[in-house]
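Here are my notes on the cores and cavities of this model. Please read them with the structure open.

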Amino acid sequence: LKDATLAHEAPPEAAAGAAQPRPDPDMREAILAKLRFAVGRDVSAARDHDWYVATALAVRDRVVERWLDSIARTGPEKKHVYYFSLEFLIGRLFFDTVSNLNIVGEVRQALAGLGVDLDRIRAVEPDAALGNGGLGRLAACFMESLATLDIPAFGYGIRYDYGLFRQAIVDGWQHEIPEDWLSFGNPWEFERPDIKYLVRFGGSVEMVGRPDGTIQHIWHSAETVVAVAFDTPMVGWRGRRVNTLRLWSARAADPLVLEAFNRGDHVGAVADRMRVEAISRVLYPSDATPAGQELRLRQEFFFTSASLQDLLRRHRERHPDFSNLPDHGAIQLNDTHPAIAVAELMRLLVDEHNVRWDEAWRITTATLNYTNHTLMPEALETWPVELMERVLPRHIQIIYLINFLHLESLAKNGEISADLVRQVSLIDESHGRRVRMGPLAFIGSRRVNGVSALHTELMRKTVFSDLHALYPDRITNKTNGITFRRWLLEANPDLTRLLVEAVGPQVLDDAEALSGLERVVGDPAFRDRFVAVRRRNKERLAQEIAARTGVKVDPAALFDVQIKRIHEYKRQHLNLLETAALYAAIKAEPNRDWTPRVKIFAGKAASSYVVAKLIIKLAYDLAQVINNDPDVRGRLAVAFLPNYNVSLAEIIIPAADLSEQISTAGLEASGTGNMKLALNGAITIGTLDGANVEIREQVGPENITIFGLTAPEALARKAEPDHASRAIAASPRLASVLDAIGSGAFSPDDPGRFAGLVGGLRDHDPFLVTDDFDAYWEAQRGLDELWHRPEEWWRKSLLNVARVGWFSSDRTIREYAEEIWRVPVG
Ligand code: TH1
């Protein structure tokens with residue numbers, strides 16, 4: 001095999017309508033010049049990191065040309081999309097950029113001529129881990145698809161000094177290590193010291209009567225923070241368009257109180273600065289759980305206010321007033337984290353720009369849109385009224401007025417009961433007074449969307465049912481998607497090359513062209529090549545597992561993969577119970593023809609989530625026993641890979657045979673890892689939850705393994721007080737595995753370690769692990785059987801690849817563009 005890494009590197013002239021990359025006379029000279037004059041190193045002294053920076057800067061020059069071109073080409077009149085998100089989980093940018101510019105071959109060659117290996121230096125780049133999981137990664141995929149579809153867009157967020165913590169596993173326990181991704185500099189960002197806004201906090205509000213009888217509100221804030229812009233170019237496929245990701249960094253207005261310093265108070269002089277700059281110091285490590293701290297509220301308001309001021313300024317440079325703001329911009333709120341935008345946009349318009357309240361409300365509700373990503377009650381953001389009064393005194397007034405007008409409009413439309421008021425009020429009075437950010441975002445938005453068909457249906461029927469009855473056209477579904485550039489072309493170049501051969505180069509531009517594969521699924525020669533590609537990917541993963549954990553696994557075994565945040569609702573512990581039961585079964589009947597399996601886990605637990613950390617420890621303890629037991633060698637192995645992030649996902653996903661998507665039905669809003677794994681040929685074992693439902697529709701029920709309670713069944717079952725004890729009594733296998741784990745069979749050094757975890761399952765089991773256990777066990781054994789019929793297995797696997805084109809984020813973004821944002825798609 002010659003340069004097998006990327007078939008699509010060659011100019012894909014067959015791709016219709018695509019802009020050809022400009023011929024680049026001398027990448028080699030460009031890299032050498034950057035090495036010398038930007039990095040300040042001689043070739044003889046240059047190390048991998050120097051080469052990485054030099055090459056990134058040389059590539060960046062090509063990006064900047066297109067970036068400026070995109071901005072120039074987009075007249076100010078064109079409608080822009082503004083994606084507000086507290087998280088952008090981008091991962092590495094170097095190879096993504098090179099690949100999207102279609103210059104992988106050129107760059108590889110230039111580097112090779114200098115004795116440098118592209119694949120070695122690309123691994124030097126740290127991940128931009130500015131997100132926790134699916135929500136943050138979705139924002140990153142959306143930025144890529146927006147550029148690809150030539151939609152003018154800004155991503156707005158926070159430039160955290162520290163991204164999501166690095167996870168170390170010490171003796172099975174998770175430790176969190178700061179992720180200082182910026183310590184070697186960041187060649188992709190442009191600091192914009194001239195683009196800065198003041199964001200204010202605290203203080204009080206003065207009310208002054210105007211001659212016309214209206215009241216002017218003057219906010220005397222107690223604290224001022226400067227938000228400074230850092231811009232990163234977001235390159236679309238084939239470099240067609242380059243958009244801006246604008247991340248704000250917090251700076252003190254007066255960084256050094258000179259007077260204090262001169263007095264000799266060197267610490268006091270910088271204390272205020274520390275407090276202010278803490279705002280953009282670190283990402284909260286909570287996923288699908290509210291962070292709930294004052295600093296979090298400060299982060300949310302900080303980036304929302306700076307972003308709104310930025311886009312209002314740009315609007316005012318070209319228009320006499322804000323009446324046509326909705327024609328020139330659509331704002332998408334990624335969950336409720338930026339929901340304070342409803343109050344802040346009202347404040348900016350009414351207090352700072354003298355727009356009348358009704359007109360400001362019209363503009364706000366025509367500009368904002370809100371995406372909901374979870375319905376779990378404990379995950380819905382609320383803020384204590386007392387905290388809001390202290391941190392955002394003007395905003396709480398505005399929220400009260402919005403709430404008053406909202407409830408008044410209900411009253412006008414007929415009777416309203418105390419019950420209905422309780423349901424739809426923006427203030428929750430049930431446990432202390434709290435502002436409910438979901439309903440605030442709902443009331444303030446033109447469109448509100450869920451992220452899968454099932455999730456959107458549940459939004460209408462449960463959490464938002466009363467608001468839905470009042471505004472029946474507001475909720476709409478936009479099933480999530482993933483960018484195929486990163487998750488197929490870049491992560492799995494060998495499979496991509498095979499697909500191009502099989503269905504033609506249009507598959508690089510059009511995800512739906514994957515359906516062309518249907519023609520070859522029965523072709524044994526093609527199937528063999530597909531299996532050979534997968535085998536190489538699995539060998540690479542096996543090496544990675546050995547390097548990271550010391551566990552040796554056989555690439556011929558079934559690779560059974562569960563990679564995602566560790567959360568009880570995602571039920572890694574259901575998978576672990578099945579693993580322990582399988583171990584017992586193999587030991588009891590060692591001579592049966594067991595399907596060799598490697599159970600692969602990876603994921604981070606929120607630092608304060610004790611049970612999630614214990615689940616990681618359980619995976620580790622099971623691995624210790626199982627991997628060291630000669631009785632099961634070659635049949636069962638367990639590996640927990642530390643520090644799951646985007647880059648590790650890019651290695652695991654192309655090597656997965658089985659994709660575990662086993663959340664309690666009704667609780668996983670969508671999932672997006674499920675789409676990435678299916679796209680790369682994994683078969684899904686999953687519940688009827690989130691986007692699994694739509695994956696089943698697309699790939700066909702015979703090509704996915706569905707098990708367990710449905711969402712309505714799960715809801716009903718949970719209400720039965722003795723559901724767990726009945727499930728355990730009915731399943732000797734489950735009873736015995738719970739006994740074993742609970743009594744310390746896998747933790748002889750601390751036999752009581754998992755007693756609490758098991759006790760929780762016996763007593764309450766809110767996530768229905770016990771109820772779904774038998775169905776899950778049976779489904780797994782069915783897959784064991786299927787593995788013994790490779791022709792059938794690979795046919796199903798190939799049909800998954802062929803039929804998941806619909807899950808491209810290009811499709812998702814097209815739907816947002818047409819129905820929510822009303823912007824043209826290029
Ligand atoms: C996730 C959902 O859990 C997942 O199902 C979905 O695919 C993904 O969003 C993208 O839509 C969520 N992540 C978070 C993170 C926080 C709060 C709520 C959610 S929901 C911090």
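1. Which helices each supply at least two residues of the lining of the largest cavity? They are α6 (134-148), α24 (646-652) and α25 (673-679). The largest share, four residues, comes from α6. Keep in mind that this is a predicted model.

2. The volume of that largest cavity is about 830 Å³. Its lining counts 50 residues, and G133, G134, L135, D287 and K570 are the closest to the centre. By class, the lining divides into 19 nonpolar, 19 polar and twelve charged residues.

3. Where does the largest cavity sit? Domain 2 (77-92 + 127-480 + 813-821) and domain 3 (484-711 + 763-807) both give residues to its lining, so the cavity lies between them.

4. The structure has seven cavities of 30 Å³ or more. Strands β2 (88-91), β3 (128-130), β10 (223-235) and β11 (242-252) each supply at least two lining residues. Twelve of the lining residues are nonpolar, four polar and three charged.

5. Now the cores. The largest nonpolar core holds 139 residues, and F94, W248, F302 and W821 have the most contacts inside it. Helix α2 (residues 48-73) gives the largest share, ten residues. Domain 1 (1-76 + 93-124) and domain 2 (77-92 + 127-480 + 813-821) both contribute residues, so this core lies between them.

6. F94 deserves a look. Beyond its neighbours up to four places away in sequence, it touches Y52, T55, A56, V59, V107, L118, I121, R122, E125 and W188. A second, separate core has 118 residues, including L622, A637, I662 and W793.

Key:
Residues numbered from 1 in each chain as written. Predicted model: local features only at pLDDT ≥ 70, side-chain atom pairs only at ≥ 80, totals over all residues. Heavy atoms only, no water. Core = buried A, V, L, I, M, F, W, Y, C linked by side-chain atoms within 4.5 Å. Buried < 20%, exposed > 50% of the residue type's maximum accessible area, 1.4 Å probe, protein only. Domains from an automatic or database assignment. Contact = heavy atoms within 4.5 Å. 1 Å grid on protein atoms, 1.4 Å probe; cavity = no way out; pocket = protein on both sides within 12 Å on 5 of 7 lines; lining within 4 Å. Points joined across faces, edges and corners; volume = space filled by probe spheres on them. Nonpolar A, V, L, I, M, F, W, Y, C, P; charged D, E, K, R; others polar.
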